[in-house]
Amino acid sequence: MKVVCSELNLKQIADSGQCFRMSELTEPDALGASAGDGASGSDAYEIISRDRRVIARQLPDGIELDCSPEEYEAVWRTYFDMDTDYASIIASVDPSDKYLTGVAQAGHGIRILNQDLWEMIVTFLISQQNNIPRIHKCIENICRTYGQHVEIGGDFFAFPTPGSLAALGEDDLMPCNLGYRSKYVVRAARAVVSGELDLDALRRLDYPGSREMLLKVYGIGQKVADCVCLFALHHLEAFPIDTHIRQVLEREYGTEYSDAFPFSRYHDHLGVLQQYMFYGELTPSPAFARK
DNA sequence: TTTCAGGCCTCCA
DNA sequence: TGGAGGCCTGAA
C-alpha cells in the first residue's frame with residue numbers, strides 16, 4: 001500500500017545532514033522493495049526511525065511511502081512534519097535578501113524531521129569534528145554492534161538503547177570508529193540510565209530549558225544542544241551554528257552577522273532557515289550569491 | 001605531509 | 001573569563 005506526501009524531497013533532506021538513518025537504495029534493492037517505474041536512478045530510500053522502517057520513493061513533487069495509511073498516521077506523518085506549513089515560512093523571507101530567498105527556494109523540499117531524542121543525542125555527539133560519510137559509518141557500526149536485530153517489517157538493526165551502552169567502558173566504542181567521542185556517548189548513556197538526564201522531562205521543556213539541560217551533559221556544547229533541540233524536540237527557534245553556517249553568515253552578512261542577520265524577524269522558524277542555508281552551502285549555486 | 005571535517009573539554013593566564 | 005591546545009580518523 002502507498003501513501004503520498006507532497007512538497008517533500010528525500011535527497012534534499014538526506015543532504016541537509018539532519019538524518020543518518022536514511023540510505024539511498026541501489027536500483028536492484030529499490031526494485032525489490034518497491035515496484036520499479038523505469039527511472040534511471042533508484043530515487044528510493046530506506047528510512048529507519050526507532051523500531052520502524054519504511055521505503056520511500058521520490059516523485060516529481062513529493063514522495064511515496066510504502067506503508068499503510070494507518071502506519072502513516074501513527075508514525076510517518078509526524079516524522080516528516082507534514083502539519084507544518086513550510087510554504088508560508090519560505091514566503092516570510094525578506095524578498096530583498098537575495099541570498100536567503102535563493103537558498104529557501106532551492107531547498108524547499110527540506111523538512112525538519114521529528115526524530116528520536118536519544119538517537120539525536122548520540123548522533124550529534126558523534127558529529128562533532130566529523131564529516132557526514134564518517135558519521136553514517138559510526139552510526140551503522142554502533143547499531144550493528146549494540147542495536148537489536150529487527151526482522152518485523154524489514155531486516156535492520158535498531159538504534160542501541162541507553163541501557164545497552166551504559167554498561168560499556170568509556171573507550172569501548174572506539175572500535176566503532178567513534179574516537180575520542182566514545183566517552184561522550186557512554187557517559188550520556190549512563191546519565192540517562194541513572195536518571196541524571198531525564199529524557200521525558202527534557203521533552204516537556206521549552207527551547208531555553210531543554211538547551212540548558214542538554215548543556216549539562218558531558219560532551220554536549222552549544223552546537224550539539226541546538227541540533228538536538230531542532231531535530232528531536234522540534235524547537236524550530238533553535239539555530240545551530242557550525243563552521244559552515246558561521247562561514248556563510250560572515251560571507252553574506254559580515255563578521256558582525258549577529259547584528260546584521262535578522263534573527264528576531266525569523267525567530268519562530270530559525271531552524272528551518274538554518275537547514276536551507278546549510279543545504280545551500282553544501283550544494284552551492286551561483287543563484288545563491290547575495291552580494 | 002598537512003589540513004580539515006556539522007566541537008568540546010581541560011588547563012592556564 | 002577567554003584563548004590555546006589536544007583529541008580519533010580518514011579523505012582530499
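1. Helices (H or I, at least four residues) and strands (E, at least two) are DSSP runs, numbered from the N terminus. Glutamine 129 sits in the loop between α6 and α7. With 8 C-beta neighbours inside 10 Å, glutamine 129 counts as exposed; the cut-offs are 12 or fewer other C-beta atoms within 10 Å for exposed, 20 or more for buried, and partly exposed in between, with C-beta atoms placed from the backbone. For background, most residues other than glycine have a negative phi.

2. A word on the model before going on. It is predicted, so local features need pLDDT of at least 70 and side-chain atom pairs count only at pLDDT 80 or more, while totals for chains, interfaces and linings use all residues. Residues are numbered from 1 along each chain as its sequence is written, and chains are lettered from A and ligands numbered from 1 in the order in which they are written.

3. Glutamine 129 also turns up beside DNA: Gln129, Met174, Asn177, Gly179 and Tyr180 surround DNA strand C. A residue is near a molecule or strand if its C-beta atom, placed from the backbone, lies within 6 Å of it. This surface has two nonpolar, three polar and no charged residues. Here Ala, Val, Leu, Ile, Met, Phe, Trp, Tyr, Cys and Pro count as nonpolar, Asp, Glu, Lys and Arg as charged, and the others, Gly among them, as polar.

4. DNA strand B has 21 residues around it, the closest being Gly17, Gln128, Gly221, Val224 and Asp242. Seven nonpolar, 12 polar and two charged residues make up that surface. Helices α6 (117–127), α12 (222–231) and α13 (243–253) each supply at least two of its residues, and α12 gives the most, with four.

5. Do have a look at α6 itself, where 10 of the 11 residues are buried. Among them are Trp118, Ile121, Phe124 and Leu125. The cover over the buried residues of α6 includes α7 (132–146), α8 (162–166), α9 (182–194), α10 (199–204) and α12; contact here means C-beta atoms, placed from the backbone, within 7 Å.

6. In α12 you will find glutamine 222. Glutamine 222 is exposed, with 12 other C-beta atoms within 10 Å. Glutamine 222 and phenylalanine 239 are 17 residues apart in sequence and 9.9 Å apart in space, C-alpha to C-alpha.

7. Next, α13. Its axis and that of α15 (residues 270–282) come within 10 Å and cross at roughly 90 degrees, the axes being lines fitted to C-alpha atoms over the stretch in contact and the angles running from 0 to 180 degrees between N-to-C directions. That makes α13 roughly perpendicular to α15, a label for angles of 65 to 115 degrees. His244, Ile245 and Val248 in α13 meet Gln274, Met277, Phe278 and Glu281 in α15. This contact has four nonpolar, two polar and one charged residues.

8. Strand β3 (residues 44–49) is largely enclosed by the rest of the structure, because five of its six residues are buried. Strand β2 (residues 22–24) pairs with β3 in the antiparallel sense over three bridges; pairing requires at least two bridges found by DSSP. Methionine 22 has isoleucine 47 of β3 as its bridge partner. Six bridges join β3 to the antiparallel strand β4 (residues 52–59), with serine 49 opposite arginine 52. β3 and β4 form a hairpin with two residues between them, and arginine 50 in the turn has a positive phi of about 55 degrees.

Key: Two residues are in contact if their C-beta atoms, placed from the backbone, lie within 7 Å. Angles under 35 degrees count as roughly parallel, over 145 as roughly antiparallel, 65 to 115 as roughly perpendicular and the rest as oblique.
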